[in-house]
Amino acid sequence: MIFYLTALVLGLCLSAMGLGIFITMKIFRIPDITTDGSYTLGAVVTALLLAAGWPLPAIVVITALAGAAAGMITGLVHTRLKIDALLAGILVMTGLYSVNLSLLGRSNLPLSDANTVFTLFPLFSNPVLNELIVGLFFLAILAGMLAYVLRTDFGLAMRATGNSESMTRALGINNDRMKIIGLSIANSLTAISGFLVAQYQHFTDINMGIGIVLVGLGSVLIGDALISWLGIRKIGWQLLFVALGGILFQLVLAVALSLGIDPAL
Amino acid sequence: MITLRNIQKTFNRGQANEISALRSVDLTIKDAEFVVLVGANGSGKTTLLNVIAGAILPSEGRVIFDQEDVTLLPEHQRSRWVARVFQNPLGGTAPDLSILDNFRLAALRTQKKGLRIGINQAFKAKVKDRIALLGLGLENKLQQPIGSLSGGQRQALTLLMCTMDQTDILLLDEPTAALDPKSAEIVMGTAENLIKELKLTTVLITHNLQDAHRYGNRLIQMAEGQVIRDLNQAEKENLKREEMFAWFG
Ligand SMILES: Nc1ncnc2c1ncn2[C@@H]1O[C@H](COP(=O)(O)OP(=O)(O)OP(=O)(O)O)[C@@H](O)[C@H]1O
Ligand SMILES: [Mg+2]
């Protein structure tokens, strides 16, 4: 049981990234590989600031800003230098590997057990339940904020940009600027996943982000399948289903592992 | 007033497939003038409209609105003055967004799209009333994704969207080409009313010579990237339909 709860908490931690990938992949139709780098960046920044004794609220904000900066660079490379979005993401991701390594100064850093975000609210004696609450709390806040933004006039403009660029240009929307902002939001959400997972597993590893974009894509694909199957049109509900997709993804992995499927197969 | 001075546009310059879409177009369109633009396929009509809208930067020449030189202003900034219906019915709407969402964005064409939820009951009612004018029965489908409508229905809605916000210049690129005769009649009628009521400076491209004869107060024919005929209101009124058909004979 604990085994599945752990998968559930991990799914919740990664659902922020799922929301980010939903923005790039479903709203802008851009395959954004920056994710691998910005996820690790979030974990690296978190580890360093925690070790330096910074308060958690400040760490969340700085992590989110660091992720946003990564996304902004991808956006600038893509729109200003007219480089294919996939390639721009790969460039920035590769660059981030070096940045992360020099920031961290070594290949991994354990986090002390005390004072992580998961020990903030010790409501239950069972730590897994507390972790669950924290995971749910973050998902609710992030999905709630994103759902609000996407329903505003600005959010409509953003959703239209990925849909019909000729239309948005004619309606006074700067498509390049929108893409840069969208990539920034997406990667700041990804960095927050890095923030959560680093604290959840008590260490930051320079390689922890490699291939993580696939987990995000998987979540969005599962979420999207549910969304079209159930015919969901409200954007807030769509976001919840993307998060659900991320959790299902982790649970399926857990089932596969518990069945004893040899990972080296 | 729109002034085009010595506009030239060459695509793929220096390559084997180089093409002069516009060769020296000089044109002044007065306020509230309703210009009908005709010409064979590939004569440069859409390119001319794109130059006015800012979607295409001319290779040579200036574009001036009133006194302001807007030649270098990108399309999304020129939208302050210009609203348009594209030749391609998919060009003017965001298919995954609802009719209502599309109209909301159109209502903010000249304004900032801020962080507030702008769709309220009053706005819904306003959009509903506008759409009911078309008589196509679309006013009860406001929440439906606009991509689920037919090309003709989308084209009719795009026309209405053009007047949701302050507009000076209206560019219509074959707005009724995808419509059945009855809907085409409705859309052209709606367009004419809006143009008169709001005193819009309008350029309408059409291959329908009946429409070209019936609407507008100036008639321009293009061929091979140049203006070859330019008839003012009186000349246009005196023009017999058979004469115009003969232009294309
Ligand atoms: N983006 C482009 N790249 C290369 N050539 C182009 C481009 N846009 C237009 N052209 C060429 O310029 C010429 C004029 O095209 P344009 O679309 O303006 O014609 P049109 O008068 O609108 O024709 P139609 O009645 O078929 O819509 C054509 O030969 C076309 O192939
Ligand atoms: Mg054309």
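Student: How do the axes of α5(B) and helix α6 (residues 181-198) of chain B cross, and within what distance do they come?

Tutor: This is a predicted model, in which local features need pLDDT of at least 70, side-chain atom pairs count only at pLDDT 80 or more, and totals for chains, interfaces and linings use all residues. Residues are numbered from 1 along each chain as its sequence is written, chains are lettered from A and ligands numbered from 1 in the order in which they are written, and side-chain values use heavy atoms, with hydrogens and water left out.

The axes of α5(B) and α6(B) come within 10 Å and cross at roughly 5°. Helices here are DSSP runs (H or I, at least four residues), numbered from the N terminus. Axes are lines fitted to C-alpha atoms, for helices over the stretch in contact, and angles run from 0 to 180 degrees between N-to-C directions.

On the α5(B) side, the contact (heavy atoms within 4.5 Å) involves B:Ala156, B:Leu159 and B:Leu160. These meet B:Val187, B:Thr190, B:Ala191 and B:Leu194 of α6(B). By class, the residues of this contact are 6 nonpolar, 1 polar and no charged. Ala, Val, Leu, Ile, Met, Phe, Trp, Tyr, Cys and Pro count as nonpolar, Asp, Glu, Lys and Arg as charged, and the others, Gly among them, as polar.

Helix α5 (residues 151-162) of chain B also packs with helix α3 (residues 99-107) of chain B, at an angle of about 35° and with the axes 9 Å apart. From α5(B), B:Leu157, B:Leu160 and B:Met161 take part, and they meet B:Ile99, B:Asn102, B:Phe103 and B:Ala106 of α3(B). This contact has 6 nonpolar, 1 polar and no charged residues.

For a pair in chain A, take helix α2 (residues 34-51) and helix α8 (residues 175-201), which pack at about 50° with their axes 7 Å apart. That angle makes α2(A) oblique to α8(A). Their crossing is right-handed.

Conventions
Helices (H or I, at least four residues) and strands (E, at least two) are DSSP runs, numbered from the N terminus. Angles under 35 degrees count as roughly parallel, over 145 as roughly antiparallel, 65 to 115 as roughly perpendicular and the rest as oblique. A crossing is left-handed if the near helix is turned anticlockwise from the far one by less than a right angle, and right-handed if clockwise.
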